[in-house]
Amino acid sequence: MTPPSDPLPPTFDPRARAARRRARRALAWTLAIGLGLPGALFLGVLVLSPLSDAKVLHGLVGWVTLGRAHPESWSGGGQLLLRVVLLALLALVLVTFGAVISGMTVWWEMRVSSRMQSRVGYNRVGAAGFLQWVADAVKLLLKEDLVPADADALLFRAAPYFVLVGFALTFVALPFGESLVAAPLDVGLFYVLAVTALVVVGILLAGWSSNSKWSLFGGMRAGAQVISYEIPAGLAAMVPVLMAGTLSLQGIIRGQGPWPWQWFFFENPFALVAFVVFFTAQLAEGNRTPFDLPEAESELVAGYLSEYSSFRFAIYFLVEFGNLWVMSAVAVTLFFGGWQVPFVGPETFQAARGAGDLPGLGWWALEALSMAVFVLKTFVLMNLVIWVRWTLPRIRVDQMMSVCWKYLVPFAFACLVGTLFWEILLVEVPAAGPATGYLLTAGFLVTAFFFLRLTYRNLAAVGDRIDLSNW
Amino acid sequence: MERLVLRRMQGDGEEMILNFGPQHPSTHGVINFMVETDGEVIRRAVPDVGYLHRSIEKIGETVGYPGFMPFTDRVDYVAAMFANEGYALAVERLLKLEAPPRAQWLRAVSCELCRIASHLIAVGTMTMDLGAFTPMLHGVREREVVNDLIEALCGARLTYNYHRIGGVAFDLPEGWRDRTLRFLDHFDRFLTEFDRLISFNEVYVKRLAKVAVIPAPLAKDYGLSGPNLRGAGVDWDLRRDLPYGAYPHFRFQVPVGKGFVGTRGDAFDRYYVRCLEMAESSKIVRQALESLPEGEYLAKVPRRIKPEPGEAFARVESARGELAYYVVSDGTEKAWRVRARTGSFTAMGIVDAVSPGLMVADLVALIASLDVVAPEIDR
Amino acid sequence: MLTLREYAGNVGTTVRTFWHGMSVTLSYLIRRPITVQYPDRTPLPVRQMLPPRYRGFLEVDVAICTGCQACERACPIDCIKMVLEKDPQNPKQRLVTQFDIDEAKCMFCGLCVEPCPTGSIQHTQEFEAATRNLRNLTFRWASPSWPVYKVPKDASYYPRAPLGSILRPLLESRRWDAPGPQFLPPEPRPAAAPEPPAARPASSKPEPAP
């Protein structure tokens, strides 16, 4: 065996220097895109969404033009035009936000899942493989766009857009922060549940129009699944509505408090069970394992997506991973207190707003903070979805239906009735709410402790060690 | 071929005829199934094999007896040691010689390690077909260590060519025994973790319990062997009942399906029998390494192997069932006929018998639980 | 129909098995992945991390090859081709004028290594020898020709070069995208004149290259 040649000292070896330069450049690009792109989009959301309030909008226009323009004195048509421009800009920012978030979700999911599977995952394109989703998106765009010869041309081309619209429309009502809602609807939750059902139309169209038996299988399964699981999702979502007394998402969040024991999840034992039901139903609606039968990779290769390529496939892919975010965001809104920041109550927001049309700088800072809290909670819940996906196997079609109708729906009904009684109890004994909150939070912490201890013991049981190397 | 197969299916126009394969992630190789379904329920599923035929048996007639050994690796490349051993035993019977004891022990060690590797793939791909991607990779992680051990032993990770006519090719390298024993210590604990992760997971159990039941009489009628037969409840293991090599000297249990979570003979039984067999294999390797006799590892075999005209039949308990070789010699250096009887080929027959009434997802579970690999079917 | 006990049991089993399964998955998150990040993030080049018995590319130490052709006879797929001739200057000496090993055909079984009496042909740990042209994978160990090795009467060992020391420089000296070897030009066409192009019916097939 030839002995290895002596390696050159690192500073003198030109290949090592070049490699280090490449790594630095990759890191720079990664940070630029990884922080810059979502930063810009979050900033866009932060700045543009309070402007749906006319007074704030007029105040901003006045400030930007240094007091020369007075939009409140414009004609109705002019004000309408201003508003339309703003809304168009906001819509663009939100859809881009959805697309970019789903790309970054892909990256995060692949990194986390690869370590769970004892392999390394994306780590070449960009620092820590962050730019892989950009490369994948570009690759998908450059692929050949196939439309099968016998496929129903119009439906085949239209189906991805149903799915995309169903996904994008949810961002309108998501409360990113205290006043950061594109459209503060009074029936926000109802709107979100209704609009996510548009996805099933797209899936059924895709399965049918592909003119392939495998796609048809996937489409039919998906249709049955999504429509069935709407019921327990809706029922379980009624529990926070009952507790908050309003369908508006902002109202539900304002009905909770910033601390864990003030969240609906911990405040009401029935809400705890309702969250489990809601979470399971949302997994089914998002076609995530254990409910990913419509695109069961090992059975149907890609199910209803089999015949799609290039950009149309990219849209499905985007929507699937963006749905991770949306379902986590909705669950966070309903059960985990949304954007509520600890130590900051509504009066703090009011005080920071100040008089005058355009709110002060402190108010913007608090809004940014509330958005950060929301994003953090959504991220944690997203990790739970990823974790469940890569642990559990897939269930069969008939078992999926039986889970829905025999387990989830009765539990959801039970939670609903239980919450009714709970509300009555709260009227009688107001202290029951915070008391249960403390109790359940403590119980959760104890359970988490035992779980983490078991996880640590798994390592010792097999003889491995904690080792975070090999990225 | 397809028209022949399609004519056998009677349809009344309502059923769909689906081609399950040959390019499919879960048919364990290049196998095609013509499936006639009524919605999700299967009426008939007929296997259509031959996509991986490589004329290995014909090659046996053109290369000499020692030259055929690498080709036996390719008969079942997931568990290649068994094919090596079966052929070596058959030719040794033709030559009327026996491998020395140390070679027999080394054969047992390498075969049982290979059985562990093969069952890891079998069990791992089964979980992957059913949607859980992680256990497969955990299994492959362990298999990597087995591959490293065998690579240190014979130089290759997949197509071993380790056994020779008259013994084995190499002796144990330095430190191999300790490495293997360390690995086995880790592996026994890994099996418990694997069970906790997936074997008794409620979703997994519900997918496999009472699904694709193969009762014992049907299994015997169709000639199943190995874990498929034992999963059906028949207590038959060639290592214990028709022993060969070093196996009479080892003490091990033979796991038999008994309806662990469902009925006897369902897919879960066949899966769990494999999990238990891995633990038994690890026991055998330990016993073999501890009682390894000294001596030579290759008998004195003539340079040119020219057996007398005759025939020999040797069977080994492979990871997939009974792997048997029937070698006919005509007195020259090249064999007259080499025939490999593999467990996966006979397992194809049962798919047609058991599949009516299954759902498509259950067909995947059936094929995965039978642990068929296409190279064994088509050779 | 399920009894209440079975129903509750189902829910309980689900929770319990999910609890265990998810904890195992989470524990793998903090273990070291088994991936070897080939080719650039390994501590040593991978060929130096392989075991000594690894069956990589074949290497022939021509200094101790006796020309017995045992490897050629042992190879089951005939990827070794040897031609021995008598030296024109010295009729008692045999020369190996051709010793080609087609590594593209080789299945790395090791059957050629065993019968070699001096250990001249061996498997090395090289595996990184991919080339653009398939013909470049035929290693010609006998250009130029060399005389066969005569084993000394009292030899106690055979002076073989260190394993891999011949093959490594060979692999490093050639380029992966080198063009393939040029063979003899094809035979000239027979004397009969080809058909005049005008008489040929218009077809879209291109003329075969001469």
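How many salt bridges are there between chain A and chain C? The count is 1 salt bridge, where a salt bridge is a side-chain nitrogen of Lys or Arg within 4 Å of a carboxyl oxygen of Asp or Glu. Welcome to this predicted model, in which local features need pLDDT of at least 70, side-chain atom pairs count only at pLDDT 80 or more, and totals for chains, interfaces and linings use all residues. Residues are numbered from 1 along each chain as its sequence is written, chains are lettered from A and ligands numbered from 1 in the order in which they are written, and side-chain values use heavy atoms, with hydrogens and water left out.

**Where the chains meet**

- Chain A brings 38 residues and chain C brings 32 residues to their contact, contact meaning heavy atoms within 4.5 Å.
- Between chain A and chain C about 3,200 Å² is buried, with 61% of that area coming from carbon and sulfur atoms; buried area is the accessible area (1.4 Å probe) that two parts lose on being put together, summed over both.
- The salt bridge here joins the side chains of A:Asp464 and C:Arg31, at 2.7 Å from N to O.
- Chain B and chain A bury about 3,100 Å² between them, and carbon and sulfur atoms give 58% of it.
- The interface of chain B and chain A has 2 salt bridges.

**Charged pairs**

- Side chains of opposite charge can pair when their charged atoms come close.
- Over all chains, the structure holds 47 salt bridges.
- One of them links A:Asp464 to B:Arg141, with the closest N and O atoms 3.6 Å apart.
- This pair crosses between chains: A:Asp464 sits in the segment after helix 17 (432-462) of chain A, and B:Arg141 sits in helix 6 (residues 134-154) of chain B. Helices (H or I, at least four residues) and strands (E, at least two) are DSSP runs, numbered from the N terminus.
- B:Arg141 has a relative accessible area of 10% and is buried; buried means under 20% relative accessible area, exposed over 50%, and partly exposed in between (1.4 Å probe, protein chains only).
- B:Arg157 and B:Glu144 form another salt bridge, their closest N and O atoms being 2.9 Å apart.
- B:Arg157 is in the loop between helix 6 and strand 4 (163-164) of chain B while B:Glu144 is in helix 6 of chain B, so this pair ties together parts that are 13 residues apart in sequence.
- B:Arg157 is partly exposed at 25% relative accessible area, and B:Glu144 is partly exposed at 29% relative accessibility.
- B:Glu280 pairs with B:Lys283 in a salt bridge, with 3.3 Å between the closest N and O atoms.
- Both B:Glu280 and B:Lys283 belong to helix 12 (residues 267-290) of chain B, where they are 3 residues apart, about one turn of the helix.
- B:Glu280 is buried at 10% relative accessibility, whereas B:Lys283 is partly exposed at 37%.
- A network of salt bridges links B:Glu112, B:Arg115, B:Arg230, B:Asp237, B:Arg239, B:Glu277 and B:Glu317.

**A sheet in chain B**

- In chain B, 3 strands make an open sheet in the order 6-7-8, with antiparallel pairing; two strands pair if DSSP finds at least two bridges between them.
- Strand 6 (310-318) and strand 8 (337-341) of chain B are the edge strands, each pairing on one side only.
- On average, neighbouring strands of this sheet are turned by 10° against each other, direction ignored. Axes are lines fitted to C-alpha atoms, for helices over the stretch in contact, and angles run from 0 to 180 degrees between N-to-C directions.
- Strand 6 of chain B and strand 7 (residues 321-329) of chain B run antiparallel and are joined by 9 bridges.
- B:Gly310 has B:Ser329 as its bridge partner in strand 7 of chain B.
- Lying across strand 6, strand 7 and strand 8 of chain B is helix 4 (residues 80-95) of chain B, which runs at about 150° to strand 6 of chain B.

**Cysteines**

- The count over all chains is 0 disulfides, a disulfide being a pair of cysteine sulfur atoms within 2.5 Å.
- A:Cys415 is in no disulfide, and the nearest cysteine sulfur, that of A:Cys404, is 14 Å away.
- A:Cys415 is buried, at 3% relative accessibility.
- C:Cys79 is in no disulfide either, with the nearest cysteine sulfur, that of C:Cys75, 3.5 Å away.
- C:Cys79 is buried, with a relative accessible area of 6%.
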